[in-house]
Amino acid sequence: MIKLSFIVPIYNTENYLDECISSLYNQGLNEYEFEVLLIDDGSLDSSLSLANQWSQKYNNIRVFHQANQGQAVARNYGIENARGKYLMFVDSDDYLLPQKLYCLLNIIDKHKLDALIYNMKAQSQDGGTILLKIPNVKYDVIYEGEEIVLKYFVFGSMCRGIYARHIFSDNNLRFKSGLTHEDSELCFRIYPLLRQVMFIDSEVYYYRYNIQSTDRSKTPQKIKQNIESDAILASEVTKEINNNNKFPFVVKRRYSMIVNSIMTTLFLRVRNNQIWRIDEFDNKIKWLEELNVYPVKGMTCSWKSFLLSKIFNQKLLLKLFLYR
């Protein structure tokens, strides 16, 4: 039985791919215990050729190729073709730290977990290394997903966990294409569905700062796209609040507060980065209204953001705030 499927979307990462794939084979696992799905998303460099070379070296590697459609589509293709009991998402310009997964898979099996969430190390833009932990959670304790939603803010990268494949198949979960924050959006949908989740105080994943990566560059246009994607994320979560009958009321209320906080923060970021011209203001507000995220309705996650939201709901005051 295949225990773990690595899903690795690839797009123009020839400089990093060897290190990424090599790290998957340095985890203390036998080859028959895992598989590697390399999904080339229309790379223009030698990434596909490198992937094919690796598949000739190891029998448990499968290579897929598609026209460029984005990381979400590539990951979804991996989900649909995976055969492992558990799934792990690895970006092809990142890698795993050595000798971590053998013990983690034993923990998952022992406790019959739906997900095991670990820490990450990240390369900063200046070349240093920082440790990314989820604050305040207790390690080695089994949580229900709903409890995590209500107590903590864990909506980030899907690369920081191992997930039972049945969660995706039972609930028809897939990444939504066209979102910059596709990982966060899926986290909102998946966490309430998890029955048993554990956090472990171990650094497993190394997140590399790659300025060429489509979701990590810091050009003015990319900053603008990233900030505006918060509004799209808020809109998608709002749809889940309104339409998902699997979410209990307490989860929907919590998500509503998070959405409102996202929108309040968005206006702060718009001002700080000066991404909207004053002649764009009316059209941007109309766009937010069409997304059903403005005006901000209800409570936020803090009293400060709640007070700000009341100010920002007045268009004239918001305009003065953004352009004074």
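**Close-up 1. Asp-114 and the backbone of Arg-195.** The side chain of Asp-114 gets to within 2.8 Å of the backbone nitrogen of Arg-195, a polar contact (a pair of N or O atoms within 3.5 Å; within protein, one must be able to donate a hydrogen and the other to accept it, and residues adjacent in sequence count only if both atoms are side-chain atoms). A word on the source: this is a predicted model, where local features need pLDDT of at least 70, side-chain atom pairs count only at pLDDT 80 or more, and totals for chains, interfaces and linings use all residues. Residues are numbered from 1 along each chain as its sequence is written, and side-chain values use heavy atoms, with hydrogens and water left out. Asp-114 sits in the loop between helix H4 (101–111) and strand E6; helices (H or I, at least four residues) and strands (E, at least two) are DSSP runs, numbered from the N terminus. Its relative accessible area is 4%, so Asp-114 counts as buried (buried is under 20% relative accessible area, exposed over 50%, partly exposed in between, with a 1.4 Å probe and protein chains only). Setting aside neighbours within four places in sequence, Asp-114 is in contact with Ile-162, Tyr-163, Ala-164, His-166, Ile-167, Leu-194, Arg-195 and Gln-196, where contact means heavy atoms within 4.5 Å.

**Close-up 2. Gln-66 in strand E3.** Here we look at Gln-66, found in strand E3 (residues 61–66). Gln-66 has 10% relative accessibility, so it goes down as buried. Its side chain makes a polar contact of 2.8 Å with the side chain of Asp-41. Not counting residues up to four places away in sequence, Gln-66 touches Ile-39, Asp-40, Asp-41, Gly-42, Val-73, Ala-74 and Tyr-77.

**Close-up 3. Strand E4 and Met-88.** Strand E4 (residues 86–89) is covered on both faces: Tyr-86 and Met-88 on one side, Leu-87 and Phe-89 on the other, all buried. In a regular strand the side chains alternate between the two faces of the sheet. E4 runs parallel to strand E1 (residues 4–10), with four bridges joining them, and Phe-6 has Met-88 as its bridge partner in E4. Strand E9 (residues 161–164) is antiparallel to E4 and joined to it by three bridges; Tyr-86 has its bridge partner Ala-164 in E9. Strands pair if DSSP finds at least two bridges between them. Beyond its neighbours within four places in sequence, Met-88 is in contact with Leu-4, Ser-5, Phe-6, Ile-7, Leu-96, Leu-101, Tyr-118, Gly-161, Ile-162 and Val-204.

**Close-up 4. The largest nonpolar core.** This core holds 101 residues, and those touching the most other members are Leu-4, Phe-6, Met-88, Leu-101, Phe-168, Tyr-191 and Tyr-255. Helix H9 (residues 249–273) gives the largest share of this core, nine residues. A nonpolar core is a set of buried Ala, Val, Leu, Ile, Met, Phe, Trp, Tyr and Cys residues joined through side-chain atoms within 4.5 Å.

**Close-up 5. Strand E10 and its partners.** Eight of the eleven residues of E10 are buried, so the rest of the structure largely encloses this strand. E10 spans residues 197–207 and includes Glu-203. E6 and E10 pair in parallel over seven bridges, with Met-120 partnered by Tyr-205 in E10. Strand E5 (residues 95–96) pairs with E10 in the antiparallel sense over two bridges, and Tyr-95 stands opposite Tyr-206. Strand E8 (residues 142–143) is also antiparallel to E10, again over two bridges; Ile-142 has Met-198 as its bridge partner. Glu-203 and Leu-97 lie 106 residues apart in sequence but 7.3 Å apart in space, C-alpha to C-alpha. Leaving out residues up to four places away in sequence, Glu-203 touches Leu-97, Lys-100, Asn-119, Lys-121 and Leu-131.

**Close-up 6. The largest cavity.** The largest cavity has a volume of about 40 Å³. On a 1 Å grid over the protein atoms alone, a cavity is a set of points where a 1.4 Å probe fits but cannot get out, a pocket is an open set with protein on both sides within 12 Å along at least five of seven lines, and lining residues have an atom within 4 Å of a point. Grid points are joined across faces, edges and corners, and a volume is the space filled by probe spheres set on the points. Lining the cavity are Ile-117, Tyr-118, Asn-119, Ile-134, Val-137, Tyr-139, Arg-160, Phe-199 and Ile-200. E6 (115–123) and E10 are the elements giving two or more residues to this lining, and E6 supplies the largest share, three residues.

**Close-up 7. The second largest pocket.** About 190 Å³ of space lies in this pocket. Its lining is made of Thr-238, Ile-241, Asn-242, Ser-256, Val-259, Asn-260, Asn-292, Val-293, Pro-295 and Lys-297. Helix H8 (220–243) and H9 each supply at least two of the lining residues.
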